[in-house]
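Reader: I would like to learn how to read a structure feature by feature. Please take me through this one.

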Amino acid sequence: MIDEHTLSVLEFNKVKKLITSYAVSTLGVERIEEIAPSNNLEAIRKKLKEISEFTALLSFDDPVPFSGIKDIRSYLERCKTEGAILLPEDFLQLRETLRASRLIRGYFSEKRKEKYPLLFSIAKRLTSCPELEEEIERTVDPQGEVKSSASPQLTKIRKEIERSKSLLHRKLEEILKRLPDNVLQERIITLRNNRYVIPVRDGQQGRLKGIIHDQSASGATLFVEPVVTLEISNRIQQLEVTQQREVERILRELTRQVAQVRDELAENVAVLGQLDAIYAKASYALATDSTEPLLNDEGRMIIRKGRHPLLIQLLDNAKVVPLDLRLGEGFFTLVVTGPNAGGKTVALKTVGLLSLMVQSGLHIPAEPGSEIGIFHNIFADIGDEQSLEQDLSTFSSHVRQWARVCSEADHGTLVLLDEIGSGTNPEEGVALAIAILRTLTSKQVRTIATTHHGALKLFAYQEDKAENGSMQFDSTTLMPTFRFQLGLPGSSYAFEIARKLGLSEEVIADATSHMGEDSRRMEGLIGDLEKKVEAYSQESQQLQSTRLDLQKLVSAYEEKLKKVKHETKHLKKEALGQAKEIVQQANAMVEQTVAEIRNQRASAQVIKQSREQVRKSAKQIETQLQQLTETESKRPIQVKAGDRVWIELFRCEGEVLKGTDPSGRVQVQVGNTKFTVPIDQLREARGEQKASLPKVSAGLPFSAEVSDRINLRGMDFEEASAAVDKYLDSAYLADWQRVTVIHGKGTGALRTKIGAFLREHPRVKTQRLGDWNEGGDGVTIVELKEGH
């Protein structure tokens with residue numbers, strides 16, 4: 001059981017208050033206020049899954065019909081009493097809740113059972129009472145009055161009342177018309193003591209026979225009920241009494257019907273409150289980018305980009321510096337150091353609050369993959385008030401917490417200690433802090449302690465199962481970055497901050513002289529180490545970004561190569577099919593020719609020669625088909641610079657100058673001429689020593705001699721523009737439709753000038769910067785005009 005002190009210092013109730021703002025009913029608010037941490041691993045896992053289902057529902061499904069949920073528990077309690085009568089307005093709230101129960105039960109139908117099994121299992125406990133809902137609808141109107149149609153008797157009574165009131169008003173109007181102005185105070189009909197009366201001037205009451213029911217405050221007006229209307233007024237009162245009895249009878253009967261399903265309605269109230277609470281938790285999770293963490297009962301904690309929930313509310317999600325921290329994996333105790341206002345206490349509270357949230361079945365504002373250990377107890381000794389005058393009572397309260405922790409904590413406990421060893425003599429405080437941390441470490445208690453004491457940094461370095469950590473500080477700007485780094489102690493930067501805030505150099509120099517040589521050296525080493533770690537961290541991030549870009553490029557080129565191979569295979573299969581069809585047609589034609597020769601009675605020798613010619617032609621075609629089939633079955637060979645290869649395109653041997661590039665091309669040399677050819681045009685050398693190209697016709701495509709890209713990196717603009725101009729002519733003659741100009745990213749100067757040059761070039765149709773998988777801003781993709 002986690003004590004109230006821990007819940008208070010970690011401000012857990014404030015988190016619950018934030019969640020209640022998303023609830024749609026007082027039932028949901030009440031359930032959220034009852035949230036408390038638990039150490040039941042399976043129960044916690046189930047609550048987290050419920051929220052995950054609801055976040056998926058809110059993100060991708062239709063809205064849940066939550067409107068109309070009311071707290072009807074007091075009405076259900078009154079129904080226990082025999083003969084009890086609920087008011088018409090009570091029935092309105094009952095009807096709204098019945099309607100909500102019916103709609104929500106219908107929403108979680110069988111079709112959503114597979115998608116949201118946990119929510120379905122909760123909603124299926126709802127009971128629909130359509131008959132009761134319809135009866136309330138038939139009896140009570142939206143204004144909270146019993147309808148005249150609620151019973152035939154009530155209809156008859158109310159009609160009689162209306163007729164009597166109409167007759168009464170006619171008689172009173174006739175009396176008003178007959179009386180002069182000096183008798184009447186005002187020519188109106190009004191009510192006094194539920195009787196219809198006429199206002200008469202004082203002293204004129206003798207002019208109107210009747211009963212005086214009231215008098216004005218000044219005494220100038222008397223309210224008189226005429227004698228001639230007494231009988232009608234009495235009749236109306238009798239009818240109204242009868243009406244009231246009939247209304248009570250109707251409401252009593254309706255109350256009895258509610259009492260019959262009281263238990264079902266009480267269960268509905270519990271289910272609606274539960275669903276509303278889960279809805280509020282899921283809505284809060286979506287609003288704060290919270291996720292479902294992994295759980296363990298081994299005391300292991302891995303927080304990835306964790307954010308303090310209250311800081312999210314205060315600063316906005318994007319402005320909160322996330323926390324990356326781990327504990328319980330290789331070490332049990334973490335000592336966190338760093339400058340004042342550097343974020344040590346916030347980090348400590350973030351760990352504690354995220355743990356409380358998880359053990360209460362709540363998602364946490366952290367990235368997926370975060371893992372939180374389930375503890376049977378959490379102790380937090382965190383003092384927010386940083387004062388230069390820490391009196392004995394403050395120190396005593398800390399000692400009481402430390403004593404309790406040392407006696408009660410075990411391997412299933414999380415302990416958070418802020419500024420341990422402070423509030424007393426520094427030497428004695430350090431000694432106490434080391435003894436406490438060593439005791440907790442030996443008991444395998446998961447402990448995080450913040451401090452400014454240098455001796456505790458040494459303790460964490462030397463102690464087995466203890467580790468240093470610190471909050472980063474920018475030594476250049478002398479401002480905290482609020483980022484946690486594991487494995488590195490932090491410097492307090494007291495002198496640097498003092499210098500920035502205006503303390504004189506003489507005072508700072510004097511203070512420095514009072515520090516021991518070892519302390520000065522250690523602080524200097526820590527500062528230098530922090531700078532190196534920061535530099536390495538930035539370089540690592542850049543390398544990671546470059547590696548991801550390269551992976552994307554490799555994936556893109558592999559996909560392109562796969563597509564080209566597939567298209568090539570498809571074209572070859574089509575060609576083989578067409579060739580077979582030609583052979584079949586040729587055979588048919590030959591047979592027809594032979595038949596014609598026979599019909600013309602040609603000599604046997606002529607027929608024999610014709611058949612022999614046909615056989616030779618067929619064999620030649622079959623040989624070509626076999627060669628195509630063998631070529632299809634062969635995979636591209638592996639080559640490297642210096643290999644002798646057979647080049648199918650030129651039917652001669654050549655030497656490999658460069659291995660295969662990402663586009664699947666190889667640079668080769670035949671005689672004194674260099675070419676870039678596809679890898680699938682190369683075979684193992686046949687031993688033939690042709691040193692020159694065979695003669696080719698003028699119509700041979702030029703694309704084998706000219707690459708589809710040119711590299712300008714390392715050139716200035718004059719060299720680059722001349723190279724591009726010559727290259728575009730060659731690419732144009734080679735019939736390339738699109739080429740790539742590689743100029744690199746750099747400062748962008750060469751890219752800008754080459755872009756302007758290409759826009760004015762007569763060979764260029766269009767030009768654009770490359771996509772991420774083409775080289776990005778480091779290349780320009782050029783589309784050439786069509787040749788003639």
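Author: Start with the core. A nonpolar core is a set of buried Ala, Val, Leu, Ile, Met, Phe, Trp, Tyr and Cys residues joined through side-chain atoms within 4.5 Å. Buried means under 20% relative accessible area, exposed over 50%, and partly exposed in between, with a 1.4 Å probe and protein chains only. This is a predicted model: local features need pLDDT of at least 70, side-chain atom pairs count only at pLDDT 80 or more, and totals for chains, interfaces and linings use all residues. Residues are numbered from 1 along each chain as its sequence is written, and side-chain values use heavy atoms, with hydrogens and water left out.

Reader: Which residues touch the most other members of the largest nonpolar core?

Author: They are Phe91, Leu94, Ile104, Phe108, Val351 and Ile448, in a core of 94 residues. Helix α11 (residues 262–287) gives the most to this core, with 10 residues. Helices (H or I, at least four residues) and strands (E, at least two) are DSSP runs, numbered from the N terminus. Another core lies apart from it and has 20 residues, including Trp402, Ile434, Val445 and Leu456.

Reader: What does Phe108 touch, leaving out residues up to four places away in sequence?

Author: Contact means heavy atoms within 4.5 Å. By that rule, Phe108 touches Leu57, Val64, Leu119, Phe120 and Ala123.

Reader: How many helices and strands are there in the protein chain?

Author: The chain has 22 helices and 23 strands. Of its 788 residues, 41% count as buried. Take contacts between residues at least 6 apart in sequence: 68% of them join residues at least 24 apart.

Reader: How do I read a pair of packed helices?

Author: Two packed helices are described by the angle between their axes and the distance between the axes. Axes are lines fitted to C-alpha atoms, for helices over the stretch in contact, and angles run from 0 to 180 degrees between N-to-C directions. Here, helix α3 (residues 26–33) packs against α11 at an angle of about 70°, and the axes are 7 Å apart. That makes α3 roughly perpendicular to α11. The classes are these: under 35 degrees is roughly parallel, over 145 roughly antiparallel, 65 to 115 roughly perpendicular, and the rest oblique.

Reader: Which residues of α3 and α11 make the contact?

Author: From α3 come Leu27, Gly28, Arg31 and Ile32. Among those from α11 are Val269, Leu272, Asp276 and Ala280.

Reader: Now the strands. In what order do the 6 strands of the open sheet stand?

Author: Pairing comes first. Two strands pair if DSSP finds at least two bridges between them. The order is β10-β11-β12-β8-β13-β14, with mixed pairing. β10 (377–381) and β14 (479–486) each have a single partner strand, so one side of each is left without a neighbour in the sheet. The twist averages 15° from one strand to the next.

Reader: How many bridges join β13 to β14?

Author: There are 5, and strand β13 (residues 466–474) runs antiparallel to β14. Asp474 stands opposite Met479 in β14.

Reader: Which strands of the sheet does helix α15 touch?

Author: Helix α15 (residues 426–442) touches β8 (333–337), β11 (413–417) and β12 (446–450). Its direction makes about 165° with that of β11. Helix α16 (residues 454–462) lies across β8 and β13, and runs at about 130° to β13.

Reader: What about strands β15, β16 and β17?

Author: Strand β15 (residues 644–647) pairs with strand β16 (residues 652–658) in the antiparallel sense, over 4 bridges. Ile647 has Cys652 in β16 as its bridge partner. β16 is also joined to strand β17 (residues 665–670) by 3 bridges, and these two run antiparallel. Lys658 stands opposite Gln667 in β17. β16 and β17 form a hairpin with 6 residues between them. In the turn, Gly664 has a positive phi of about 85°.

Reader: Are Glu419 and Gln444 buried or partly exposed?

Author: Glu419 counts as buried, at 12% relative accessibility. Gln444 counts as partly exposed, at 38%.
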